[in-house]
Amino acid sequence: NEKMDCLFCKIIAGEIPSNKVYEDEYTYAFRDINPQAPVHVLLVPKKHMKNILECDAETAAHLTDAVRALAKIEHVDENGFRLLTNCGQHGCQSVHHLHLHLLGGKQLSEKMD
């Protein structure tokens with residue numbers, strides 16, 4: 001079962017520890033263990049879905065609400081941040097549970113690769 005073996009599903013369930021930043025009924029956010037910026041938070045829907053291609057409109061709306069909350073919590077709402085998701089092999093998706101990376105806390109590079 002894909003969900004039973006999913007790292008992020010185990011984190012959401014509390015089976016694997018994480019440094020939680022935010023949680024609501026639909027989403028869970030925690031600090032990345034290998035941060036690429038001073039602020040690097042992973043935001044995941046609690047409902048398992050492989051990637052952005054499986055994301056429905058309702059989940060997208062909940063993720064957007066959570067991004068707003070996270071930006072305020074992490075104090076990046078005024079100076080800005082980067083929000084990205086990796087999808088599939090060529091997108092370097094390492095965990096096959098939809099997750100958004102919120103990166104900020106400094107001036108980020110314009111280079112995206």
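Phenylalanine 30 is buried, with a relative accessible area of 5% (buried means under 20%, exposed over 50% and partly exposed in between, with a 1.4 Å probe and protein chains only). The model is predicted, so local features need pLDDT of at least 70 and side-chain atom pairs count only at pLDDT 80 or more, while totals for chains, interfaces and linings use all residues. Residues are numbered from 1 along each chain as its sequence is written, and side-chain values use heavy atoms, leaving out hydrogens and water.

The structure contains 2 aromatic pairs (ring centres of Phe, Tyr or the six-membered ring of Trp within 6.5 Å; planes under 30 degrees apart are stacked, over 60 edge-to-face, the rest tilted). The tyrosine 28 and phenylalanine 30 rings are tilted, with centres 5.9 Å apart and planes at 40°.

What about the nonpolar cores (buried Ala, Val, Leu, Ile, Met, Phe, Trp, Tyr and Cys residues joined through side-chain atoms within 4.5 Å)? In the largest, which has 16 residues, Ala29, Val41, Leu43, Leu70 and Leu102 touch the most other members. Helix α2 gives the largest share, 5 residues. A second, separate core of 10 residues includes Phe8, Ile12, Phe30 and Val95.

Note on methods:
Helices (H or I, at least four residues) and strands (E, at least two) are DSSP runs, numbered from the N terminus.
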